[in-house]
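The following exercises are to be worked through with the sequence and the coordinates at hand. Each task is followed by a solution in steps.

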Amino acid sequence: MTIDVATGIVRILKQEGVGWVSTFPVCRVNNALGREGVPMLMMRDDRYAVAVADAFSRITAGSRIGVATFQGGVNAAGMQYAYAGMAQAYEDGSPVLCITDGVPAGASGNSQYDVASAMKTVSKWFGYLDRPERTPELMRRAFTMLRSGRPGPVILAIPNATATYDETADPYRPVKGWKSAPDPADVRAAVDLLLRARNPLIYAGEGVIYAGASEDLKALAELVNVPVITTLKAKGAFSENHPLFVGVRGDQVAHYLNKSDLILAVGSSLSPGRFSHGIPDAATKTIIHCNVDELHINKMYPTAHAVIGDARLTLQALRQEVSDRTSGAGRAAGDVAAEVKAARDQGLARYRQVMNSDETPINPYRVYGDLMEVLDLRNSFVTHESGNTRDQLSTVFDTLIPRGFLGWGNVSTLGFSLAAAIAAKKAFPDRASVAVTGEAGLGYMFGNLEVLLREKLGITVVHISNGGFAGYGPGFWGPGHDPFTHRVLGPNEVDMSKVIGSLGFHTERVGEPAAIIPALRQALDVNTSGRPAYIEFICCQYPVYGQWVGRGEG
Ligand SMILES: Cc1ncc(C[n+]2csc(CCOP(=O)(O)OP(=O)(O)O)c2C)c(N)n1
Ligand SMILES: [Mg+2]
């Protein structure tokens, strides 16, 4: 059977279980998607097209691959804009598939912007489909990259979507994805170190979520009686009401990072970026680094010992080894849980206090506390924005299930929260989905709000409306870290609830703390019938949150 490349790609996507594709036109594969009956979620710009697909892959931990299409080729305006979305996906290691038109044979060197070299800087793999009969081969490679090893974006450029090939010559079979198990000798050596340590600490990264290893993490932590911290992106990998959970950031996390003599890092790059911890006195600590590949081993810190393999298989192997060595008894080392509780109570006291604050303008922590009260934390999704909402929510928001909260952004691109909330709704239609943003994130979202109405996506946007870029203003960090670029029109000058309400959203403007819970309840209720909501909370500027250890002011 002879088919064209675009149709071949779409049929393969269907075989791979792709149920919808996000897009911003134009891309020649789109017409084949339409003809073959694959729904398209049309975003209002290319960056969001990528970001929604990226977030879908993250939220489903790669079990369902998000796919985006956008404009490429010689007229690569879409790709130039999508670059921001791809860079974010690459930075955070998200397995998203991007498909674009390729520069046709004979047209290379035509434009100033070099598509291939640009895309190579933001992808795990860039494929160029130079012959139509290579369609199954390149798609196989793409899905192998997406489903195996270290997660990251893959991009396919299709220079001639109407070229034809024989579909039966190389029949496509879905790619399973493969995992690697750690070397047993490395597991034994890791357990030697772990059982000798006096104050070990588990440092869990997003690899635990991608490996579906939350239960295995819990089982190991309990067996060895070791406290756990998670990275921002792994928030929720370990249930945050567990007695061994220390936190993501804040004084109690600093305390444990400082005091630890051994760090068992699992599924984390251990890269002290802007939104993660440094390891204090790393040279004096023993770092066991469990990772899916070697990229991050001995990267920023000396690795005492590495265990390379899938996080789940690694955690299982470590647990088995500990169990064998200790006749199933594990490692008993005092009342760790009571110490964790005391450290948490102390570290979180100042935030718990403001979660009950009756002050006006509203303290943002009051909104977060009330949000936790209103949501079913086992059946909802919340995400933050770049800015104070990230820093504050990652300090206090109790996350009970993996991806009940999405922490994101080794480098955090403003506006991603809307994409994440959309993706969460697509992944789990029955869960409430909430994006918490400041004014900067909201600014990025505006063009895309129409999508929620058109697609009947019942999502709530919570706006912590404080009239400025709160972390940047004067008076907080001595003279302020960016005092000249801090103020924007605030709630006294613009009524955003009217602006967004006239689009068709359910909106409310809340100035009184007592009105927070009713407003949230109503928004979530309206969401269940597919209507999006925007709630503006008139808040004070309160740039107070848990610090990253060794990262200055955050
Ligand atoms: C695309 C992009 N550009 C610039 C930044 C830098 N940045 C981070 S937060 C922020 C302002 C946040 O202000 P706001 O949304 O009002 O939140 P608040 O801190 O007041 O809660 C800026 C400009 C970024 N994260 N992403
Ligand atoms: Mg603000």
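**Exercise 1. A residue with positive phi**

Is Lys-456 buried or exposed? Determine also where Lys-456 lies and describe its backbone.

Solution. The model is a predicted one.
- Step 1: Lys-456 is placed in the loop between α17 and β18.
- Step 2: its relative accessibility is 59%. The threshold for exposed is over 50%, so Lys-456 counts as exposed.
- Step 3: although Lys-456 is not a glycine, its phi is positive, at about 55 degrees.
- Step 4: a positive phi, near 55 degrees, is found for Ala-61 too; this residue belongs to the loop between α3 and β4 (67-70).

**Exercise 2. The magnesium site**

Identify the residues that coordinate the magnesium ion (ligand 2), and explain which parts of the chain Glu-439 and Gly-468 tie together.

Solution. 
- Step 1: the coordinating residues are Glu-439 through OE, Asn-466 through OD1 and Gly-468 through O, at 2.0 to 2.1 Å.
- Step 2: the spacing of these donor residues in sequence is E-x26-N-x1-G.
- Step 3: Glu-439 belongs to helix α16 (residues 439-445), whereas Gly-468 sits in the loop between β18 (460-465) and α18 (496-501); the pair therefore ties together parts 29 residues apart in sequence.
- Step 4: Glu-439 and Gly-468 are both buried.

**Exercise 3. A buried arginine**

What is the nearest side chain of opposite charge to Arg-47, and how far away is it?

Solution. 
- Step 1: Arg-47 is part of helix α3 (residues 46-59).
- Step 2: the nearest side chain of opposite charge is Asp-45, 5.7 Å away. A salt bridge requires a distance within 4 Å, and Arg-47, though buried, has no salt bridge.
- Step 3: neighbours within four places in sequence left aside, the contacts of Arg-47 include Tyr-81, Thr-413, Phe-416 and Tyr-444.

**Exercise 4. Salt bridges**

How many salt bridges does the structure hold? Examine the pairs formed by Arg-11, Arg-366 and Glu-450.

Solution. 
- Step 1: the count is 33 salt bridges.
- Step 2: Arg-11 pairs with Glu-36, their closest N and O atoms being 3.3 Å apart. This pair links distant parts of the chain, since Arg-11 is in helix α1 (residues 5-15) and Glu-36 in the loop between α2 (29-35) and β3 (40-42), 25 residues apart.
- Step 3: Arg-366 pairs with Asp-358, with 2.8 Å between the closest N and O atoms. Arg-366 is buried at 13% relative accessibility, whereas Asp-358 is exposed at 62%.
- Step 4: Glu-450 pairs with Arg-454, the closest N and O atoms lying 2.7 Å apart. Both residues are in helix α17 (residues 449-454), four residues apart, or about one turn of the helix. Glu-450 is partly exposed at 26%, as is Arg-454 at 32%.
- Step 5: shared partners join Arg-11, Lys-14, Glu-36 and Glu-167 into one network of salt bridges.

**Exercise 5. Nonpolar cores and cysteines**

Which members of the largest nonpolar core touch the most other members?

Solution. 
- Step 1: the largest nonpolar core has 58 residues, of which Ile-202, Tyr-203, Leu-257, Leu-264, Ile-279 and Leu-318 touch the most other members.
- Step 2: apart from this core lies another of 36 residues, among them Leu-393, Phe-397, Leu-524 and Ile-535.
- Step 3: the closest cysteine sulfur to that of Cys-98 belongs to Cys-27 and is 10 Å away, too far for a bond.
- Step 4: the disulfide count is zero. Cys-98 is buried, at 0% relative accessible area, and Cys-290 is buried at 3%.

Notes. Residues numbered from 1 in each chain as written. Chains lettered and ligands numbered in written order. Predicted model: local features only at pLDDT ≥ 70, side-chain atom pairs only at ≥ 80, totals over all residues. Heavy atoms only, no water. Donors = N, O, S within 2.8 Å, 3.2 Å for Na, K, Ca; no water. Helix = DSSP H or I, 4+ residues; strand = E, 2+ residues; numbered from the N terminus. Buried < 20%, exposed > 50% of the residue type's maximum accessible area, 1.4 Å probe, protein only. Lys, Arg positive; Asp, Glu negative; His and termini not counted. Contact = heavy atoms within 4.5 Å. Core = buried A, V, L, I, M, F, W, Y, C linked by side-chain atoms within 4.5 Å. Disulfide = S-S within 2.5 Å.
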